[in-house]
Amino acid sequence: MKFFCYTICLSFLFALGTDRLNAQQRTIDSLQTIIANTRSDTTKVEALYRLSMLYMNTNPSQTVEYAKQGLEISQKTGNENGTSICLNSLGGAYYNLGNFDMALNYYEKRFRLTTKMRDTLGMAG
């Protein structure tokens, strides 16, 4: 009877886990579709940032790739908010990769930008 209960519980937990993975994959697919189809640079930067955050703890190298794409677009278009969030994402990714000097570099860039913008919430994050 104990074995049966354990089997049911494990099956339930497995089902919850795979459902969550499917939901995350759907989110990733949706964001990639937005990036491919939108003409709005602001929307594209936001989608790239969100993608970078989805990979932050599981694949920081992928985070770097998406955040750098977002950073490039936001700097080219003068989108300071987009630049700020992408710098923060890069700092977190390099921290997770163990490259603390690069992480600090991106965090300091973000801090200088948020100070210039008078974005106190951004300064704190």
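Which residues of α2 are buried? They are Val45, Ala47, Leu48, Tyr49, Leu51 and Ser52. Buried stands for under 20% relative accessible area, exposed for over 50%, and partly exposed for what lies in between, with a 1.4 Å probe and protein chains only.

1. Basis of the model. This is a predicted model, in which local features need pLDDT of at least 70 and side-chain atom pairs count only at pLDDT 80 or more, while totals for chains, interfaces and linings use all residues. Residues are numbered from 1 along each chain as its sequence is written, and side-chain values use heavy atoms, with hydrogens and water left out.

2. Overall make-up. The protein chain has six helices and zero strands. From the N terminus the order reads α-α-α-α-α-α. Helices (H or I, at least four residues) and strands (E, at least two) are DSSP runs, numbered from the N terminus. Of the 125 residues in the protein chain, 34% are buried.

3. Contacts and surface. Contact means heavy atoms within 4.5 Å. Among contacts in the protein chain with a separation of 6 or more, 47% join residues 24 or more positions apart. Accessible areas come from the Shrake-Rupley method with a 1.4 Å probe; for residues, only the protein chains shown count as cover.

4. Geometry of α2. Helix α2 covers residues 41–54, which is 14 residues. The expected span is 1.5 Å times one less than the number of residues. That gives 20 Å for α2, and the end C-alpha atoms are 20 Å apart, so the two agree.

5. The nonpolar core. A nonpolar core is a set of buried Ala, Val, Leu, Ile, Met, Phe, Trp, Tyr and Cys residues joined through side-chain atoms within 4.5 Å. The largest one here holds 24 residues, and Leu51, Leu71, Leu90, Tyr94 and Tyr106 touch the most other members. At least two residues each come from α1 (2–37), α2, α3, α4 and α5 (100–117). The largest share, six residues, is from α4. In soluble globular proteins, nonpolar side chains tend to be buried together.

6. Leu71. Apart from neighbours within four places in sequence, Leu71 is in contact with Thr83, Cys86, Leu87, Leu90 and Tyr106.

7. Ser52 and Thr63. Ser52 sits in helix α2, and Thr63 in helix α3 (residues 60–77). Ser52 has a relative accessible area of 0% and is therefore buried. Thr63 is buried too, with a relative accessible area of 0%. Neighbours within four places aside, Ser52 is in contact with Thr63, Tyr66, Ala67 and Ser89. On the same terms, Thr63 is in contact with Ser52, Tyr55, Met56, Ser89 and Ala93.

8. Ala103. This residue belongs to helix α5. Ala103 is buried, since its relative accessible area is 1%. Not counting residues up to four places away in sequence, Ala103 touches Gly91, Tyr94 and Tyr95. From Ala103 to Leu87 the C-alpha distance is 9.3 Å, across 16 residues of sequence.

9. A salt bridge is a side-chain nitrogen of Lys or Arg within 4 Å of a carboxyl oxygen of Asp or Glu. The count comes to two. In one, Arg50 pairs with Glu46, with the closest N and O atoms 2.9 Å apart. Both lie in helix α2, four residues apart, about one turn of the helix. Arg50 is partly exposed at 47% relative accessibility. Glu46 is partly exposed as well, at a relative accessible area of 27%.

10. Salt bridge between helices. Glu80 pairs with Lys116, and the closest N and O atoms are 2.6 Å apart. Glu80 is in helix α4 and Lys116 in helix α5, so the pair ties together parts 36 residues apart in sequence. Glu80 is partly exposed, at 31% relative accessibility. Lys116 is exposed, with a relative accessible area of 58%.

11. A surface patch. Tyr95, Phe100 and Tyr107 make up a nonpolar patch on the surface, with about 330 Å² of accessible area together. Patches consist of residues with over 30% relative accessible area and no salt bridge; like charges are joined within 9 Å, and nonpolar side chains (Val, Leu, Ile, Met, Phe, Trp, Tyr) within 5 Å. Tyr95 is part of helix α4 (residues 80–96).
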